[in-house]
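Trainee: I'm new to this one and would like to learn how its features get their labels. Could we go through it together?

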Amino acid sequence: MKIFNDPIHGHMELHPLLVKIIDTPQFQRLRHIKQLGGIYLVYPGASHNRFEHSLGVAYLAGCLVKILHDNQPELNINKQDFLCVQIAGLCHDLGHGPISHSFERWVIPEAKKSSYQQHEQMSVQMFDDIVKRLKAENEDVFEEHGLGDKDVTFIKELIKGAKTSEVHIDVWGYKGRVEDKSFLYEIVANKQNGIDVDKWDYFARDCHHLGIRNSFDHQRLLKFARVCEVNGRKHICFRDKEADNVYDMFRTRYTLHRQAYQHKMGYIIDTMFAEALILADRDLHEEKPEDMLKISESIKTAEDYSKLTDEIFEQISSSTSDNLKEARDILNKIIRRKLPKFVGEARLTENSMSKEELTDSWKAAVHKYEPADPTVSLSADDFSVYLVDLDHGMKDKNPIEKVFFYSKRKPNEASAIKDYQLSSFLPLRFNEELVRVYYKTTDGNKDELKKKVEEAEKCFQDWCKSKFGCL
């Protein structure tokens, strides 16, 4: 075992095979991918990377499997299961690109004009490349630890996540492990209710670096994890007295999104980073070789993708290529803090509206608005409108209803609980949509810009008082 000293989990012991994976270029690349994208420009301490997060997830995955094994020997968890789950935790984020989630959410779809490219899909490709590399160096690297092709398949299934509750009870659609070990699929990426060690690590780690209090205690929840059969399939369940702690987990997710991940300025900085990458999706060097891939094309192979990190922004900034001038200008604005001015934010209180509908409504409001200052004129084209979704992890549903709990008297029987059994103080809604407006122009006279933003804020207030659904 090799010991890593981590600021969140302390001294973590990791298996030699995990260390071999860590020492590959594909994994070392995660040192250069910031965990929270451009949020570090709002929260100075949030400059941690995907590398240490991945180590933490592998460690917590091992902790959870060990507790289940020690408390329930009848589950027949073997060394191969233990190792596979840890490897999946270690490799689950290999597929992240620059600015993390923003790359897959904005850059790839826009540059490729294609559907959303999930990082889990690329993580599997990167893991395949690691397996090939390790086998080329040592054919027995996996076999010497008792892992075969079926185990590699299992690891990839864990990375992608399995919807174990949605598979028909008579049909088990996964090849890595038999149905009797369905609970193992809920450890790294839990599609059943969202409770997994991935979240446990990034909640603790992100709160630590952001300076935001974390009321969720994952170490306590670990102690009360147990496998029970529910509706004919085995699931990871928790002691009924931990219901409040579980709800705090979902609430922590919302808090982090509200205060950090979707922060009003952090959000706009990430959109600017994404815009720079889209504009730079040509060449990073003058006289580019014909076979040099575009940024968006790097997702085609793991070898090319492994070279794509946050360092690309330094390459763009230091480039002298005329083709990259627009992208370079955007990055310079970020560095010099010449960011779009935040005009206002409102919650949608009625039926959902698309970004296009909100943009049209805002443009109409700007055209209609008469500034109090006659020297100021507003143009609808000078504004950007964004729609932000916030929830507790399952859109408009209460995720606690998807969690199974057991009691002290009946540790082998578990069931879901209803809202009223948890608390009478729960919210009526578990999601919300925010509309945000920004003034895009950052150049010009400061006094004139200030006046325009002030008038835009007044226009925004009038707009929110209208009957289109904002409060």
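Trainee: Which residue stands opposite K341 in β9?

Mentor: In β9, it is Y439 that faces K341. Before we go on, this is a predicted model, where local features need pLDDT of at least 70 and side-chain atom pairs count only at pLDDT 80 or more, while totals for chains, interfaces and linings use all residues. Residues are numbered from 1 along each chain as its sequence is written, and side-chain values use heavy atoms, with hydrogens and water left out.

Trainee: What makes β5 and β9 paired strands?

Mentor: Two strands pair if DSSP finds at least two bridges between them. Six bridges join β5 to β9 (residues 431–439), so the pair meets that cut-off. The two run antiparallel, and another bridge in this pair puts E345 with R436 of β9.

Trainee: Why do β5 and β6 stand at the edges?

Mentor: The order of this open sheet is β5-β9-β6, with antiparallel pairing. β5 (341–347) and β6 (383–391) each have a single partner strand, so one side of each is left without a neighbour in the sheet. On average, neighbouring strands here are turned by 20 degrees against each other, direction ignored.

Trainee: Why is β9 called largely enclosed?

Mentor: Buried means under 20% relative accessible area, exposed means over 50%, and partly exposed lies in between (1.4 Å probe, protein chains only). Eight of the nine residues of β9 are buried, so the rest of the structure largely encloses this strand.

Trainee: Which helix lies across β5, β6 and β9?

Mentor: That is α11 (residues 264–279), running at about 70 degrees to β9. Another helix, α15 (residues 355–368), lies across β6 and β9 and runs at about 140 degrees to β6. Such angles run from 0 to 180 degrees between N-to-C directions, with axes fitted as lines to C-alpha atoms, for helices over the stretch in contact (heavy atoms within 4.5 Å).

Trainee: Why does P371 count as partly exposed?

Mentor: Its relative accessibility is 26%, so P371 falls in the partly exposed class. P371 is in the loop between α15 and β6. Leaving aside neighbours within four places in sequence, P371 is in contact with V376 and E455.

Trainee: And why does D149 count as exposed?

Mentor: D149 has 59% relative accessibility, so it counts as exposed. You will find D149 in helix α7 (residues 149–160).

Trainee: What makes a space a pocket or a cavity?

Mentor: On a 1 Å grid over the protein atoms alone, a cavity is a set of points where a 1.4 Å probe fits but cannot get out; a pocket is an open set with protein on both sides within 12 Å along at least five of seven lines; lining residues have an atom within 4 Å of a point. Two cavities of 30 Å³ or more are held in this structure.

Trainee: Which residues lie nearest the centre of the second largest pocket?

Mentor: They are T271, E275, K355, S384 and Y386, out of 28 lining residues. The elements giving two or more residues to this lining are α5 (101–112), α11, α14 (325–335), α15 and β6, and α11 gives the most, with seven. The volume of this pocket is about 770 Å³, meaning the space filled by probe spheres set on grid points, which are joined across faces, edges and corners.

Trainee: How many residues of that pocket's lining are charged?

Mentor: Ten are charged, beside 14 nonpolar and four polar ones. Ala, Val, Leu, Ile, Met, Phe, Trp, Tyr, Cys and Pro count as nonpolar, Asp, Glu, Lys and Arg as charged, and the others, Gly among them, as polar.

Trainee: What lines the second largest cavity?

Mentor: Its lining residues include L64, E186, W200 and F238. By class, six are nonpolar, one is polar and two are charged.

Key
Helices (H or I, at least four residues) and strands (E, at least two) are DSSP runs, numbered from the N terminus.
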